[in-house]
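These are my notebook entries on a multi-chain model, written as I looked things up. I wanted to work through the contacts between chains and then a few places inside one chain.

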Amino acid sequence: MKKGMIKATGPFERVVHWCVALSCLLLCFTGMGMMYHSLNGLGTMVGGMGNLKMIHNFGGIFFAISLVFTIGMWWKEAGLFSFPEDWQWIIAGGGYLWHVENMPEVGKYNPGQKMFFLVVALFGAIMVASGLIIWFPFSFAVSLVRMMYVLHALGFVIIFAFFFVHLYLVTIGAPGSAPAMFTGWVTKAWVKKQHPKWLKEMEEDGTLVVYGEEKHSKKGRC
Amino acid sequence: MKISRRRFLSMSGAIGSGVALSSLGLDLTALKAHAAEINKTDLIRMAKQSTTICCYCSVGCSLICSTDKMTGKIFNIEGDPDHPINEGSLCAKGAGLFGITEANEHRLRKVLYRAPKSDKWEEKDWEWTFKRIARLIKDTRDADFITHNDKGELVNRVESIGHYGSSNINSEECWTLTLSARSMGLVYLDHQARVCHSPSVAALAESFGRGSMTNNFTDLKNSNCILIMGSNCAENHPIAFKWILRAKDRGAKIIHVDPRYTRTSARCDIHVPLRSGTDIAFLGGMIKHIIDNNLIQEEYVKYYTNASQILSPGFDFKDGLFSGYDAEKRKYNKETWTIEKDEAGIPLRDYTLQNPRCVYQMLKKHYERYTLDKVSSITGVSKEDLLLVYNEYGATGAKDKAGAECYALGWTQHTVGTQNIRTMSIIQLLLGNIGVCGGGIAAMRGEPNVQGSTDHAILYNILPGYLKMPSGPVDTLDKYIKKYTSTSTDPQSANWYQNYPKYTVSFLKAMWGDKATAENEFGYSWLPKMDDGKHYSMLHLIDKMYAGKIKGFFAYGSNVAVSSPHTNKVRKGLEKLKWMVNVNIFNNETASFWKGPGMNPKSVDTEVFMLPAAASMEKEGSQSNSGRWVQWRYQAASPPGDALSDGDITMRIMDALRELYKKEGGAFPEQILNLKWDYRDASGKFDALKVAKQINGHYTQNLTITDPVTGAKEENKKGETVPTFAKLMADGSTSSGNWVMAGSFDQKGMNKMAKRGKEDPTGLGIFPEWSFAWPLNRRIIYNRASCDLNGKPYNPKMKLVEWTGDKWVGGDVVDGPWPPLADKEKGKFPFIMKSDGVGAMFGSGMAEGPFPEHYEPLEGPLAKNPISDQLINPAIEIFKSDIDKVANADPKFPYVCTTYSCTEHWCSGFTRWQPWLLEMMPEAYIEISDKLAASLKIKNAERVKVFSVRGEVTCVAMVTKRLKPFEVDGKVVHLVGMPCNYGWLLPDGATTDDSVNHLTISVGDANTFCPEYKACMVNVSKL
Amino acid sequence: MKKELVKLIDLSRCTACRGCQVACKQWNELPAKRTKNFGSYQNPPDLQWNTWTLIRFQEHEKKNGKVDWLFRKDGCMHCTDAACIKVCPTGALYHTEFGSVSMHADKCIGCKACITACPFSVPKYNAETNKIAKCDLCYTRLQVNQPPACVQSCPTGALQIGAKDAMIKKAYARAEQLGGDANVYGDKFVDGTHVIYILPEKVNVYEHLPVDPKVPLEIIIWKDVLKPAGLLAAGAVVAGCFLHYITHGPKTPDDETTCEGGNKS
């Protein structure tokens, strides 16, 4: 680890993130294995479609638990928009789509990330609920179960699409982001570029943790 | 027997409707994908296939059993597409036949023995069992055998051993059973035919000469109008209903007259509900309607019935009673019930039918009282409905129209059972419907081989071939032959029963073999004999058992503790037995009576043997269907465990008994030891084919027979099978175990019962090459009556037989070779089994009168008979034990109860041991109209209690709109219905519900003692 | 070449003898379950994994006050546009060359989607095997030119099987012959079923028989809209990202990223 890197996430946060992320991916792929006959081969890889379904079902439970932690953990930071700057950011398309001169400064999570979180939280919950009903259809009215199939599929369409945006951004779309969820340490330049407001806040609050330096004392102690 | 050209389940037949699924044209991908799997059709192709005949009702459907050659086990049973009647189709029970194979865990596999006072079964081996049973029989027989009765007549019988059953074993087994019982000296010998179709035999024989269904199932399609009355055909003879629907397709009207709206009613054109027990009133009204409107087939009535005969002057009828009634004995002196004869002994006739004393005019007079109003008030049927049915059915009196009647237990199980059928016989004679295609009276029998078991006489009153059972006064063969040989001096009467001596002697030869000689009256004196005028029916047997006078009891494939009326009485009777031998394939309430409800095993001394029997597809032999088709069945698998066929069981019990008598002597050992008893194959097993040949008959010596017509001489060798009963002799030169079956083999010994020719050259459903039909492969009996006096068919489109001037030709075997009646010299009347050659409208053989008269059931809703002062049948025997209670017109029991079976179950319910069938009809129920249910506040599916003066049962209420209350004699009468298939045993443990026969009444038909299951009075309350 | 077959059920000929119900169990080796009498001749109360065909009994009071007893053989209709096949994730349910809907039991994963999808409530779940079960029109019998067990057993001709066109023709002829409210049920929806009824009464008279059966809208949205949409959306996003990358480029941190971040504060 280089000196001067900034601590972006804690280990717990990262674990939760990867739990949700991996289980979501697993669910996407096992789900696709069942949705698309051409992907039934995925079942063969795990010893049959029955196993695939089992993985999907129990993966779903894991996802559900992870999702609870995710929501609990990020609800305040990523679940609430702060106006007007978030609005401006959205109007500006986050600066991703065309050149924007004066981008509003972004805090720890930009509205795009917030939206992604909300989509994951909302549709994740929908997926869990509809999935459970589909899993145990006999306890419910047939018309309800049929609706759940629609929701489940709709949820997949959206989550799966968002997943690619997320993947793009954390890899080549916004280089330097990925380490936040691997090591937890990011470069200051990256933070400055992506989340300048957050950097400032941390600096003001004294919560900024820089690799190789003593932890800053809190503001009150200064 | 090997048969060639068996198609069976070739698994390559066409699918029907003209579709050829050419495998060449198919997309084979799916086939390839499954090529590796061996599916059931492959297994069937590799299996041993054998045909069997269904073991339920007596339509006689054929099934194919597929047996795994490696394991010897049956794995598939389905309908035989080649069979002319069922054509591969099956009802619920038939389709579930696999449920009685060894795959059923409830099958009995070991001999179970219950010691006196014991509360459990013990397993035993056969060796011990047969010895023990033989010992018990011998001890009982030796103690109670009587050579002479109170009057000092030679009787050679034992009265303390009874036998009941079995109509569901092969004919060859029936025959050996009947012989072994007689050889033991039993007179209390009876079986299900008693409670089922005994009135049919009495009524049809009285009317036409033979006691069996006149036509056959495939012939029903030729009918123009089918009256289903006294039958729930679609439910209880579902495959027969196939042929009724074919008639419907061809434009026939199908009428159902029944107290209940059933699955039959649902498919008929007309359903008319009538109060149970009022059939004679209904049909009496029809007779009046036919006569009043001159709907009769005139020529037929004049020449082929006794309508033209003149009655004796003493004959009279007044207020419900015929002349000669003895109220004390409840019996008629029939002296005045006679026909006037001329000096030559020929009946006097008035072919104009105008003589006021002729049968026709007397018949008209008798039924004048049966007006629409009167009939309607008795039956509860509206006048419109009466007229509707009368007109539809009456229309079949036209010469080229035929009406058929289908009945079953709805007619027989009444105190007037025989007369119900007699009334219809009169109608059929009036309309000229007997002997013709699409006509006749279909006595649809309920057990698979009840026709065969009746032919072979597991009945107290007859010997095989409907020969009379001798009684005390007839102590020599000469007297016997003199008494029962029919005589006629009328040159135009064939009087076939003049051959009675031939059949009697041939039977005795078959029974006793070489021991029967002219010197010893062919062993006639060894036969047990009844007391004159006394009866030994099931009802009498139970009565005697209840009185404690029966020590030993054989129950072969029967379940009296559920199936007999007044089961409380039956079960008390069973308690008093010393021993009981029960042969069955499943446990039943009779064998297990000692642990039944309310029983304390410790106080029951009866020694009980429950012997495991082979199921129908586990043995070879023949079975007669209701239409007299005697069909051969094959062994598809061995019986499970220690189970043996009934034939083997009978043989070995008798072996053990004979062994004891040989060793120890005892009471009249000749009766037992003289029996010819060698019907075994090389391995010592019961040999059905050998028995079948013995039944058919053979020449006991080289015999030259001269043809009476041509004078040609015919050489017959000793041992050759007789090809027809016409060859039987009265001098001991022939032997025949049952003359009606003579001809079931040809002279070379070919078994005609196994024939599988599917051809039907006339298209009339005759199928002459399929199996054998007695008599002499005749498919529609009395078929001479289908032609006019010159032998030309009344209906040329349905030509059964036709006289060409020198011989009869046609699709069926003519019922007697003589020229038609117009030939005054050689011509004969068509009903050749009757001494006067004609159908009997006036039937003097009946116990309660020559013309049927309406009487109320013994227990009914009315205190007075609306049509006369004679409330009940004056000739029925009334049992008087303390437990025989009757509650007629008693407000405590206001509802008429009728009992019946359903498609899914059979008789006393051995179907309860078959999960597929039990699943469909799981519990005892009572059908009750929505109106009655509402007044009793009973909701559908609620549990209720049903009680009569004799007992009570619980069950589920089935509230239905299909039952409607009747308006009878000005008051509303409700009818409820309950199935008879349930008892306290169920495979998954006991139930609190029990047999409906706790409610029914121990009384029988006046002629044959068929119990009145169809009408008793009950009350219903919510549980 | 496909040879489509149709099983024709003429309810005007059915006597409810239930030979078909048992013959089905016999051939397919389906066990019985213990039942209770619920105040009807009918049992079991509904189709079950071990009961692929069932006669339904129904008392029907006609306008003229007369009571009719209606019998209807219930079971798989073998739809052409079969919702069950549509939703089956594994291809366990499939159309045979006869047009019937059969099942590779080994492929079934017990997901129960077909149970939800079927407009006739036919497939039933067996918890012991974790598979669904339903009538396959006796596929192995059809392969060797034998009629299905139920058709073979039918005494009255209420059940027949034959080429689709011929059977439909027959059905209309029979309905016309019967007259009144008699009608043909099955050829007009889900692209035609391979089981066709001749109903003596109007469709709505029969209990548990949908008047207008179709693949449920939800199933169509799911399978015909969302299923392709899932791939399309994902594909579009990937394409969009690529387009973004090549047109707009990544959002990289400014040059100072090279400096040690911590030193500045």
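**Entry 1: chain C against chain B.** I note at the outset that the model is predicted. I looked up the contact between these two chains and found that 68 residues of chain C and 73 residues of chain B take part in it. The two chains bury about 5,700 Å² between them, and 54% of that area is on carbon and sulfur atoms. I then turned to the charged pairs, where eight salt bridges are found across the interface of chain C and chain B. One that I recorded is between Lys40(B) and Glu29(C), whose closest N and O atoms are 3.1 Å apart. Of the elements, H1(C) gives the most, with seven residues. By residue class, the side of chain C that touches chain B divides into 30 nonpolar, 24 polar and 14 charged residues.

**Entry 2: chain A against chain C.** Here I found 53 residues of chain A in contact with 47 residues of chain C. The buried area is about 4,100 Å², with carbon and sulfur atoms giving 67% of it. On the chain A side, Arg146(A), Tyr149(A) and Tyr168(A) lose the most area to chain C, and together they account for 16% of what that side buries. I looked for salt bridges between chain A and chain C, and the count is zero, while 10 residue pairs are in polar contact, both residues being at pLDDT 80 or more. Helices that give two or more residues to this side of chain A include H1 (11-35), H3 (49-79) and H6 (142-173), and the largest share, 18 residues, comes from H6(A). The side of chain A that touches chain C divides into 32 nonpolar, 13 polar and eight charged residues.

**Entry 3: strand E22 of chain B.** Is this strand, residues 607-612 of chain B, enclosed or open? Six of its six residues are buried, so E22(B) is largely enclosed by the rest of the structure. Glu607(B), Phe609(B) and Leu611(B) point one way from the strand, whereas Val608(B), Met610(B) and Pro612(B) point the other way. I set beside this that side chains in a regular strand alternate between the two faces of the sheet. Strand E4 (residues 111-114) of chain B runs antiparallel to E22(B) and is joined to it by three bridges, whereas E21 (residues 579-584) of chain B runs parallel to E22(B), with six bridges. Met610(B) is the bridge partner of Leu112(B) and also of Asn582(B).

**Entry 4: two polar residues of chain B.** I found Ser735(B) in strand E28 (residues 734-735) of chain B. Its relative accessibility is 1%, so Ser735(B) counts as buried. A polar atom of the Ser735(B) side chain lies 3.5 Å from the backbone nitrogen of Ala510(B). Beyond four places in sequence, the residues that Ser735(B) touches include Lys509(B), Gln694(B) and His698(B).

Asn168(B) sits in the loop between strand E7 (154-164) and helix H5 (171-184) of chain B. Because buried means under 20% relative accessible area, Asn168(B) counts as buried at 18%. The side chains of Asn168(B) and Ser166(B) are joined by a polar contact of 2.3 Å. Leaving out residues up to four places away in sequence, Asn168(B) touches Pro448(B), Gly557(B) and Trp906(B).

Methods: Residues are numbered from 1 along each chain as its sequence is written. Chains are lettered from A and ligands numbered from 1 in the order in which they are written. This is a predicted model: local features need pLDDT of at least 70, side-chain atom pairs count only at pLDDT 80 or more; totals for chains, interfaces and linings use all residues. Side-chain values use heavy atoms; hydrogens and water are left out. Contact means heavy atoms within 4.5 Å. Buried area is the accessible area (1.4 Å probe) that two parts lose on being put together, summed over both. A salt bridge is a side-chain nitrogen of Lys or Arg within 4 Å of a carboxyl oxygen of Asp or Glu. Helices (H or I, at least four residues) and strands (E, at least two) are DSSP runs, numbered from the N terminus. Ala, Val, Leu, Ile, Met, Phe, Trp, Tyr, Cys and Pro count as nonpolar, Asp, Glu, Lys and Arg as charged, and the others, Gly among them, as polar. Buried means under 20% relative accessible area, exposed over 50%, partly exposed in between (1.4 Å probe, protein chains only). A polar contact is a pair of N or O atoms within 3.5 Å; within protein, one must be able to donate a hydrogen and the other to accept it, and residues adjacent in sequence count only if both atoms are side-chain atoms. Two strands pair if DSSP finds at least two bridges between them.
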